[in-house]
Amino acid sequence: MKSANSNLPNSIQTDQNEINEYIKEYLRYSSFTNTLECFEAEIKSKQVSNKMLNKQQQSKQIGDEAPRLFQLFKSDNTKTKREINLEKEQKAFNKKYQQILQAGRQIFSVSINLLQLLHSLKETAKNENLSETLENYKIQLGKYHKVIINEGKPEGTELITEQVMHEHKTKLFKNFQDKHVDGMIEVLLSLRVNALQIAPELRKNLVYELIRNDVFNIEATEKFDFVVHLLDINNQSLRHAITSLISVISSTLRGVEYLTYNGNMIIIEKIIKILKEQENGSVTQRFCLAILQKASIKDTVIPTYVHNEIIQWIILLIQKSINTKIHIFCLDFASATLANVIHTPYTLQYLEKQGKFAHQVMEQLLKFMKEQIQVSVLMHVLICLSYLSKENFAKQMEECRFVERISEFVEYYSVINTENEAAEIDKKTVLDLCAHMFHPKDTSLDNSETVELNELKTEDRIREYENEQGELIFECFQDEVS
């Protein structure tokens, strides 16, 4: 005799059987023995099967009253509005991606034509330096071309060979001795091109190779003369080349330790000096900020930042961005650096002693909350304020109406209109951040120990993280060529 369930449509019968199995499995696991026996008995019963069939028919007639369990097992779930929007965005990104690749191919075509033209002029010029420069251009162009033809996927599966690394270092020093600035630029950019070309999972090892080969001759001489002389040469292209390579090296904690060998902060001081000399938002300024942000994970560099007035400079940069357009990378990395600097015990103790300065910093950060600044920058500002919301700064907090202004900001920010889903997520993140950092102390909500442990990784945890992850991001900007 056929079971009543056999009269059900195949898809419903399959769902019914699968759901029954899940229920039985749950009852066994929870030791509901009596219920399980009853349930199995009812399934076998023809009378109950008929009832189930009737219910299924009723559900089919009513439509939207089907049990939610059936909805979970339906294979044709309708897509949510968010999924549809994500698909549209993905298609738009793919289209732009293809356009960028096409533009890249056209640029290479033009570059090759220019190289051919320069080759035709080489014989007339009879210049050895020109010949070498052309060869370097060809090598670099070839490496960038590999990235384009592989559609952005790095081809490199091996590090730079020992011989190539040694050749680069030798050429760099020879060009330095000959005072050949263009030659130095070529070598530095060639090293960086190798860094950009290599697969992300190998980048950490490349940084370690640059350190092991002592590319700046720091460990061999226990001095910084060579790299300091390079940083002192007043040539924008050279400064771009040297800061971009230093940024690559500073991407790991070991790299920061190499750049501050034996606790010497001369490179950090030079980078801060160059930073302040650059036009706001310029490419070189971006690389300087990248270096300082990455180096700020090491507490020993913080006194150099503080005494070179990096706190004041970053606050002024954010202030300028309210009325002047400044590259978002500069603002993002500068505000992140500020959070790292203020977080350290050294800075907090310094601000305690400099009460007036602490008041000025707190006041300006509170003012930023209601300005039209990027969300990432706003988050860093709030994090800075959370580090200052301690009993040690009770006087400044009272003078600045800290608690009232934080409350006013939360009230104001909770009712701002958001244009899209991404903006709504940002808004929620900012409000969650405020609730987490500035919520009145309550024993049921007191996570102070956990927060303190998680605010910033110690150097040991950073080392462990680097060892586990192995992938680094090296900065590269679209407007570098100009």
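**Questions and answers on the model**

Visitor: Where is the place of lysine 179?
Guide: Happy to start there: lysine 179 is a loop residue. The model we are looking at is predicted. In this model, the place of lysine 179 is in the loop between α7 and α8 (181-197).

Visitor: Is lysine 179 buried or exposed?
Guide: The cut-off for exposed is over 50% relative accessible area. Lysine 179 has a relative accessible area of 73%, so it counts as exposed.

Visitor: What is the phi of asparagine 262?
Guide: Asparagine 262 lies in the loop between α13 (253-259) and α14, and at 61% relative accessibility it counts as exposed. This residue is not glycine, but its phi is positive. For asparagine 262, phi is near 55°.

Visitor: How many of the ten residues of helix α9 are buried?
Guide: Helix α9 covers residues 203-212. The buried residues include Leu206, Val207, Leu210 and Ile211, and also Arg203, Lys204 and Glu209. Helix α9 is largely enclosed by the rest of the structure, because its buried residues number eight.

Visitor: What share of the residues in the protein is buried?
Guide: The protein has 482 residues, and its secondary structure comes to 26 helices and zero strands. Of those 482 residues, the buried share is 41%.

Visitor: Are α11 and α14 roughly parallel or roughly antiparallel?
Guide: The axes of helix α11 (residues 225-232) and helix α14 (residues 266-277) come within 10 Å and cross at roughly 5°. Angles under 35 degrees count as roughly parallel. Therefore α11 and α14 are roughly parallel.

Visitor: How many nonpolar residues are in the contact of α11 with α14?
Guide: On the α11 side are Val227, Val228, Leu231 and Asp232, and on the α14 side are Ile266, Ile267, Lys270, Ile271 and Ile274. Two residues of this contact are charged and none is polar. The nonpolar residues number seven.

Visitor: How many nonpolar residues does the contact of α21 with α24 have?
Guide: Helix α21 (residues 375-388) and helix α24 (residues 421-438) have axes that come within 10 Å and cross at roughly 5°, which means that α21 is roughly parallel to α24. Residues that meet here include Leu378, Leu382 and Ser386 of α21, with Asp426, Thr429 and Leu433 among those of α24. By class, two residues of the contact are polar and one is charged, while the nonpolar count is eleven.

Visitor: Is the pair of tyrosine 350 and phenylalanine 357 stacked or edge-to-face?
Guide: The model has ten aromatic pairs. In this pair the ring centres of tyrosine 350 and phenylalanine 357 are 6.4 Å apart, with the planes at 80°. Planes over 60 degrees apart count as edge-to-face. So the pair of tyrosine 350 and phenylalanine 357 is edge-to-face.

Visitor: Which residues is glutamine 278 in contact with, leaving aside its neighbours within four places in sequence?
Guide: Glutamine 278 has its place in the loop between α14 and α15 (283-295). With a relative accessible area of 8%, glutamine 278 is buried. Beyond its sequence neighbours, glutamine 278 is in contact with Gln236, Arg239, Thr284 and Gln285.

Visitor: Which residues is lysine 24 in contact with, leaving aside its neighbours within four places in sequence?
Guide: Lysine 24 belongs to helix α1 (residues 10-29). Its relative accessibility is 13%, so lysine 24 counts as buried. Leaving aside those sequence neighbours, the residues in contact with lysine 24 are Leu36, Phe39 and Glu40.

Definitions and conventions: Residues numbered from 1 in each chain as written. Predicted model: local features only at pLDDT ≥ 70, side-chain atom pairs only at ≥ 80, totals over all residues. Heavy atoms only, no water. Helix = DSSP H or I, 4+ residues; strand = E, 2+ residues; numbered from the N terminus. Buried < 20%, exposed > 50% of the residue type's maximum accessible area, 1.4 Å probe, protein only. Contact = heavy atoms within 4.5 Å. Axes fitted to C-alpha atoms, helices over the stretch in contact; angles between N-to-C directions. Parallel < 35°, antiparallel > 145°, perpendicular 65-115°, else oblique. Nonpolar A, V, L, I, M, F, W, Y, C, P; charged D, E, K, R; others polar. Phe/Tyr/Trp six-rings, centres within 6.5 Å; stacked < 30°, edge-to-face > 60°.
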